[in-house]
Amino acid sequence: MDLDAEKQKKLKKLVNLVNRSEISSIKSIVSGVVRIINDPKSSIWDLKEMVEIDPPLTAKVLRVANSVYYSPPQKIGEIKQALIWIGFDTLKEMALSQKVAGIFNENDSINGHSIHSLWKHSVAVALLTKMIYRREFRKRGANAYVAGLLHDIGIIVESQFLQNDFSLVLSKAKHEKKNLSEAEQEVLGLHHADIGMAIAENWNLPQELVTAIGYHDSPLEAEQEFSKLASTLYIAEDCSQNSSIGYSEAPFRNNEVFDKCLTELNIDPHALDLIVADAKRELNEMEEQGLF
Ligand SMILES: [Fe+2]
Ligand SMILES: [Fe+2]
């Protein structure tokens, strides 16, 4: 079997395992929210209905909406009230974060790798990707937040279904001073980005998201049509590594790729410092809301 066929076989097997596991519990909310934000015909009330049919999610959203942080004038007991009080964008992000957080809930740390800091990293990248999109391109970047939250879903899959190999990957990265992707390539013959892309494809997420997740480590190879989000994700990832927010999967920066992304997107590096400072403030606020 040639290398590519072997890789595809491995990916198919992993996607099947994911679809039979707890990880797939986020599928309906993620696809639902993504559909709502990408479909101009859908209304904000579709979001309300989607959250309401998921009792644990409803409970979590109501808990956050009633927290000291949001201090509603009276107790919020329904998703409709939460939607009015905190707004569509916040509710959308809250629903996604609360749901996706559920698959990052392991406390164990393997070879110094902690799933909890991977979660913090994913939220940081989600915030940074969204902020860069809005400030630099003056566009909403509908899929930016979701892309950030899910970009490293492949690492979760490796830690759950390929434990021995993953342990080897981590020790290789640590002792041979390599970025995670390089160590993965040597041990597994594929990257966590490949796994994430296979899942996003299997879940029928929009092509922009599939590409961003699949090429978050190699944005210059992404299809031109969707490369903007992949490049933004790369820059956001680098900013989060540099400011040591959460987990660090690529401590050795590829300056050439980074600079090419900045040029392609026409981003001033100084603007990034301001965005990082704001993202850190927002992350602290999310911590106060009990999201970590
Ligand atoms: Fe990452
Ligand atoms: Fe990654």
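The legends below describe close-up views of a predicted model. Local features need pLDDT of at least 70 and side-chain atom pairs count only at pLDDT 80 or more, while totals for chains, interfaces and linings use all residues. Residues are numbered from 1 along each chain as its sequence is written, chains are lettered from A and ligands numbered from 1 in the order in which they are written, and side-chain values use heavy atoms, with hydrogens and water left out.

**View 1. Helix H7, residues 115–137.**
Helices are DSSP runs of H or I with at least four residues, and strands are runs of E with at least two, numbered from the N terminus. The expected span of a helix is 1.5 Å times one less than its number of residues. Buried means under 20% relative accessible area, exposed means over 50%, and partly exposed is in between (1.4 Å probe, protein chains only).

**View 2. The two ends of H7.**
At the start of the helix, a side-chain oxygen of Ser 114 comes within 3.2 Å of the backbone nitrogen of His 116. After H7 comes Arg 138, whose phi is positive, near 50°.

**View 3. Aromatic pairs: Tyr 69 with Tyr 70, and Tyr 133 with Phe 137.**
Rings of Phe, Tyr and Trp (its six-membered ring) pair if their centres lie within 6.5 Å; planes under 30 degrees apart count as stacked, over 60 as edge-to-face and the rest as tilted. The whole structure has three aromatic pairs. One of them joins Tyr 69 and Tyr 70 edge-to-face, with 4.9 Å from centre to centre and 90° between the planes. Tyr 69 is partly exposed at 34% relative accessibility, whereas Tyr 70 is buried at 17%. Tyr 133 and Phe 137 also form an edge-to-face pair, with centres 5.0 Å apart and planes at 90°. These two residues are four apart in H7, which means about one helical turn separates them. Tyr 133 is buried at 6% relative accessibility, and Phe 137 is buried at 13%.

**View 4. Charges over rings: Lys 228 at Phe 137 and Arg 253 at Phe 258.**
A charge sits over a ring if NZ of Lys or CZ of Arg is within 6 Å of the ring centre and within 35 degrees of the ring normal. Lys 228 lies over the face of Phe 137, 4.3 Å from the ring centre. The charged end of Arg 253 is over the ring of Phe 258, at 3.8 Å from its centre.

**View 5. Ser 227 and Pro 219 in contact.**
Contact means heavy atoms within 4.5 Å. Ser 227 belongs to helix H14 (residues 227–242) and is buried, at 5% relative accessibility. Beyond its neighbours within four places in sequence, Ser 227 is in contact with Pro 219, Ala 222 and Glu 264. Pro 219 is in the loop between helix H13 (207–214) and H14, and is buried with a relative accessible area of 1%. Not counting residues up to four places away in sequence, Pro 219 touches several residues, including Ala 230, Tyr 234 and Cys 261.

**View 6. Cys 239 and Cys 261, without a disulfide.**
A disulfide is a pair of cysteine sulfur atoms within 2.5 Å. The structure holds zero disulfides. The cysteine sulfur nearest to that of Cys 239 is in Cys 261, 11 Å away, which is too far for a bond. Cys 239 is buried at 8% relative accessible area, and Cys 261 is buried at 0%.

Technical notes. A polar contact is a pair of N or O atoms within 3.5 Å; within protein, one must be able to donate a hydrogen and the other to accept it, and residues adjacent in sequence count only if both atoms are side-chain atoms.
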